[in-house]
Amino acid sequence: MSRKIDETTARRAFEQAIADHQQEFGRFFLARLLGLEVSYPDADTCVVEFDALDFMFNPQGTVHGGVIATVLDISMGHLLQKVIGPGMTLEMKTQFLRPARVGRLRAEGRFLKKGKSINYLETRLTDAAGSLLAVANSTWQLLPKGAGVP
């Protein structure tokens with residue numbers, strides 16, 4: 001059964017992202033397109049929340065794993081940037097535990113181990129009911145100071 005996405009919502013998200021993105025953490029185009037809301041509830045946590053919308057779905061009607069991986073990566077990268085400085089993902093392992101469907105989703109990133117050049121982070125994605133949907137662990141390389149990150 002073929003299902004069309006809500007074209008109005010998809011276009012609105014795209015147009016809003018075009019209009020208000022900035023090349024900075026939390027406001028870059030992809031974060032704006034996905035409607036990500038980034039917060040830091042404490043010194044070592046980054047929370048990224050968003051509404052699962054149908055333009056993010058795969059053909060099975062759940063949030064595409066690539067969208068989930070992107071959000072998980074952003075939650076860890078933003079935390080690293082805020083606490084230590086800009087970095088790049090060297091590797092990331094993602095475990096998808098349950099399908100993500102409509103509703104509010106929350107990724108919570110934390111440090112596993114801080115280092116001088118290499119850092120280890122983890123993030124967990126939950127739905128509005130608190131069910132664990134996905135977990136990612138990653139290794140990050142800090143970028144040199146002045147590497148052009150706003």
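User: How many residues form the hairpin that joins β4 to β5?
Analyst: The model is predicted, so local features need pLDDT of at least 70 and side-chain atom pairs count only at pLDDT 80 or more, while totals for chains, interfaces and linings use all residues. Residues are numbered from 1 along each chain as its sequence is written, and side-chain values use heavy atoms, with hydrogens and water left out. Strands (E, at least two residues) and helices (H or I, at least four) are DSSP runs, numbered from the N terminus. The hairpin joins β4 to β5 through 4 residues.

User: Which residue is the bridge partner of G109 in β5?
Analyst: Two strands pair if DSSP finds at least two bridges between them. β4 and β5 are paired in the antiparallel sense over 8 bridges. In β5, the partner of G109 is T123.

User: In what order do the strands of the open sheet stand?
Analyst: Strands of a sheet pair through backbone hydrogen bonds, either parallel or antiparallel. Here the pairing is antiparallel. The 6 strands follow the order β1-β2-β4-β5-β6-β3.

User: Which strands stand at the edges?
Analyst: An edge strand here has a single partner, so one side of it is left without a neighbour in the sheet. The strands in this position are β1 (37-42) and β3 (87-96).

User: Which residue of β6 is the bridge partner of G87?
Analyst: Strand β3 runs antiparallel to β6 (residues 132-142), and 9 bridges join them. Within β6, G87 has as its bridge partner L142.

User: At about what angle does helix α3 run to β6?
Analyst: Helix α3 (residues 65-83) lies across β1, β2, β3, β4 (103-113), β5 (118-127) and β6, where contact means heavy atoms within 4.5 Å. Axes are lines fitted to C-alpha atoms, for helices over the stretch in contact, and angles run from 0 to 180 degrees between N-to-C directions. The angle of α3 to β6 is about 45°.

User: What N to O distance is found in the salt bridge of R11 and E7?
Analyst: A salt bridge is a side-chain nitrogen of Lys or Arg within 4 Å of a carboxyl oxygen of Asp or Glu. R11 and E7 are 4 residues apart in helix α1, so about one helical turn separates them. Their side chains meet at an N to O distance of 2.8 Å.

User: How many salt bridges does the count come to?
Analyst: Side chains of opposite charge can pair when their charged atoms come close. The pair of R11 and E7 meets in a salt bridge. By the rule stated above, the count comes to 9.
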